[in-house]
Every structure is written in structure tokens, then in C-alpha cells.
Amino acid sequence: MPSKPLPSKPLPSKPLPSNPSPAKASPAKLGIYHVLLPTDIPTLPLNEFAGSVLEGLSERPKRLSSRYLYDDRGSGLFRQIMTLEEYYPTRCEAEIIEAHGPAIAARFAGTPVNLVDLGAGDGAKTVRLLHQLQAAGADVTYVPIDISEQALRTACETLAGELPGLPVKGLVAEYIAALHWLTANDDGRVNLVLFLGSNIGNFNRAQARTFLRQLWSALNPGDYVLTGFDLKKDIDLLLAAYNDAKGVTAAFNMNLLNRINRELGGHFDLDKFRHYSTYDVFTGAMESYLVSMEKQTVAIDTLHSNFHFDAWEPIHTEYSYKYLESDIRSLADSTGFAIADTLHDSKRWFADSLWRVVKTISGGGVAL
Ligand code: TRP
């Protein structure tokens with residue numbers, strides 16, 4: 001990477017109060033400070049991963065962030081999960097889009113609309129919606145947003161293959177920053193933001209509310225958000241979905257240890273850990289863990305560290321929060337949205353809720 005000169009500013013100098021005679025003072029020594037912009041810093045994904053692993057395994061209870069589940073192997077395993085008999089969310093949501101997509105699309109007939117995609121994971125649903133919007137006579141531009149340029153390029157190429165001639169405007173950025181940019185460079189188009197799958201489920205209640213309020217702030221009045229919510233249901237169905245008979249979910253979760261071995265010189269013996277997912281009825285979350293089946297010490301070379309595990313000590317890897325219909329309503333109310341429609345699959349196991357951004361002159365204050 002070519003080195004750019006760093007933007008520098010002299011430190012603001014103040015007269016020193018202890019100096020008895022300012023007239024004779026030698027000139028103040030000026031320090032230099034650097035303002036590093038994100039663009040001045042090369043991205044170091046390895047260091048970010050290493051830092052997160054070191055922090056998480058140093059905590060009690062130990063944890064690893066679920067965002068690192070999705071390397072190439074993990075993404076492949078997740079695609080396999082989506083086809084499993086027990087993993088109902090993908091099928092339920094596909095059914096919702098198939099059955100109710102045309103009604104959603106009809107709202108945008110003759111309207112210039114940006115279909116803004118916040119990491120759908122499964123591009124098939126997005127493709128269906130784009131077809132439905134075009135069939136309804138909407139003038140649609142596809143706007144995928146991803147922090148990874150590679151992932152964004154793949155999303156754009158897949159779509160270009162499926163819908164030749166569709167205008168595509170990909171943005172490489174954090175979701176909220178990209179949305180602010182999009183509305184600041186407003187071209188009068190209505191934004192329909194997709195946050196499908198179990199994405200919102202990875203947030204706890206407070207994080208979900210914060211994220212949706214940030215979306216609301218970034219969007220224009222009259223814009224829409226379509227969010228996927230996995231609903232509370234028979235606990236046996238939930239448990240089966242995260243403990244499938246073929247062990248694909250176990251392999252997906254265990255891949256996190258594989259990834260540490262591959263990328264950080266970890267020495268995890270996968271035979272000494274097991275996948276475990278359980279449902280907490282009180283918080284309403286599926287929780288996934290990797291459990292050490294014996295007392296052991298694991299070295300991670302890149303971190304120059306050893307990590308000790310007691311027999312049956314867990315590492316937490318992910319939460320997937322499940323919703324009641326009343327949770328969805330209060331979440332919309334408390335973040336400044338009006339629910340336009342909530343769409344269900346025939347078993348009512350999953351919901352896609354379409355929300356419209358409402359901004360009143362008083363600023364859209366919401367009750368706490
Ligand atoms: N967050 C997704 C979900 O809740 C992905 C997922 C499915 C997952 N099974 C898992 C994450 C098991 C960790 C462990 O459906």
C-alpha cells in the first residue's frame with residue numbers, strides 16, 4: 001500500500017499559567033498529533049479476528065463472536081443448514097415471499113424504488129422480490145450493502161446473472177453509514193430496506209431496538225423496512241432446528257475452532273469439544289455453545305497464549321432471539337415505525353414485518 005502523508009495538526013498551545021513572565025518565555029514547544037481517517041488505515045481482518053478471540057476466550061464465561069462463523073467453509077455449511085429438514089426459517093420465509101411478495105410489490109407500482117439489501121445470506125429471496133417488483137411495474141434499482149467488497153461483488157454478479165439489465169448500485173460500507181449516504185445523496189427514490197432471515201435475532205432486545213432506531217434515523221419518511229422475525233413456537237421444533245440429525249449445525253459451530261486453528265495457529269482438538277444448543281424460555285433465545293468435554297489447555301500460536309478449560313466448560317458462540325407478535329408491535333412503536341403489514345407462512349412459525357418510517361414535525365420522539 002503506498003504510504004500517504006499523514007494529516008497533521010499542531011497541538012493548540014495555551015499560555016502556561018505557571019510561567020511568571022510570559023514576555024521572556026521561550027516559544028512553546030508544539031507537539032504534533034495525527035488524525036487517522038479510516039481510509040488511512042489498511043484493514044487487518046486477521047488482527048480483528050485475533051483480538052476478538054483473545055478477548056472472548058479471556059472472559060468468564062468464555063465466548064466467541066458469531067460474526068466469525070461465516071468464513072468460506074462456514075458460509076458453505078450454513079447454505080447446507082438452510083436446506084435441512086429441521087431448519088424451518090429459510091423455507092418459511094421463502095413461502096412468505098412467494099405468497100405475499102406480490103402484495104408488497106404492489107405498493108410500489110409505478111414508483112422509483114431502491115431495494116436495499118442488508119446481507120440477505122440467501123440471495124434467492126431477494127431475486128424473487130426483485131422479479132415481483134418488476135412485475136408490479138416498479139422502477140427498481142438493487143442496492144446491496146456489505147462491509148466486504150468481495151461479498152458485495154459476488155452479490156452483484158449473482159444478481160446481474162439472474163436479472164440482466166437491472167440497475168445495480170452496490171455500497172461497500174457499514175449498514176447505517178451506507179444508508180445515511182444513500183439518503184443524503186437523495187434522488188427521490190423510495191427505499192425498501194431488506195433485513196431478512198434471522199439477522200435481527202442475533203441482536204438482544206436492546207441491540208435490536210438500537211439498530212432499528214438507527215435505521216429509522218438514516219431513512220426518509222415514507223421509506224420502508226422489511227424485517228424477518230423468527231417467532232416463538234413449540235420448543236421441540238426450536239431445539240431440532242439447532243441440533244439437526246445429520247450434524248451439519250454441529251459442524252458449522254465447530255468450524256469456529258477450525259478457523260482459529262487455520263488462521264491463528266490454534267491447537268484445538270475438535271474431538272474434545274461438542275456442539276450444544278439450548279433454548280432459554282425466559283430470554284426467548286436459542287443459545288449455542290461449544291463445550292470442552294475434558295480438562296485441557298489449548299495453545300493459540302498467533303496470540304502467544306494458552307487457554308485453560310475445565311471439564312464441561314462452555315464457550316458461548318451465538319444467540320438467536322425468538323419473537324412474539326406483541327414484541328414485534330412494541331419494537332415498531334418504540335423505534336418510530338408504523339407497521340404496514342406483517343406477513344406469515346402457513347404454519348405461522350416465521351414473520352416478515354413491513355414497516356414504514358414515520359417522522360413527525362416534533363421529531364418522532366418515542367416512549368422509553
Ligand atoms: N443465526 C442463524 C440462526 O439463528 C444461524 C445459525 C443457525 C446458527 N444455526 C446455528 C449459529 C447454530 C450458530 C450455531 O438461525
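Helix α9 (residues 248–264) lies across the strands β9, β10 and β13, and its direction makes an angle of about 115 degrees with β9. Helices (H or I, at least four residues) and strands (E, at least two) are DSSP runs, numbered from the N terminus. Axes are lines fitted to C-alpha atoms, for helices over the stretch in contact, and angles run from 0 to 180 degrees between N-to-C directions. Two residues are in contact if their C-beta atoms, placed from the backbone, lie within 7 Å. The structure is a predicted model, in which local features need pLDDT of at least 70 and side-chain atom pairs count only at pLDDT 80 or more, while totals for chains, interfaces and linings use all residues. Residues are numbered from 1 along each chain as its sequence is written.

The strands β9, β10 and β13 belong, with β3, to an open sheet of four strands in the order β3-β13-β10-β9, with mixed pairing. Its edges are β3 (62–63) and β9 (273–280), each of which pairs on one side only. Two strands pair if DSSP finds at least two bridges between them. Seven bridges connect β10 (residues 285–292) with β13 (residues 314–321) in the antiparallel sense; Ala285 has Tyr321 of β13 as its bridge partner.

Strand β4 (residues 112–118) has six of its seven residues buried. A residue is buried if 20 or more other C-beta atoms lie within 10 Å of its own, exposed if 12 or fewer, and partly exposed in between, with C-beta atoms placed from the backbone. β4 pairs in the parallel sense with β5 (residues 139–146) over seven bridges, and Asp117 is bridged to Pro144 in β5. β4 also runs parallel to β7 (residues 190–195), to which five bridges join it; here Leu115 has Leu192 as its bridge partner.

Strand β14 (residues 337–344) is paired with β15 in the antiparallel sense over seven bridges. Leu354 is found in β15 (residues 350–357) and is the bridge partner of Asp341. Leu354 counts as buried because 20 other C-beta atoms lie within 10 Å. Not counting residues up to four places away in sequence, Leu354 touches Ile104, Tyr224, Leu226, Ala340 and Asp341.

Most residues other than glycine have a negative phi, and most peptide bonds are trans. In the hairpin of β14 and β15, five residues lie between the strands, and Arg348 in the turn has a positive phi of about 55 degrees. Arg348 is exposed, because it has 11 C-beta neighbours inside 10 Å. His304, in the loop between β11 (296–300) and β12 (305–309), has a positive phi of about 50 degrees. His304 is likewise exposed, with 9 other C-beta atoms within 10 Å. The peptide bond from Arg60 to Pro61 is cis, with omega near -10 degrees; Pro61 is placed in the loop between α1 (45–58) and β3.
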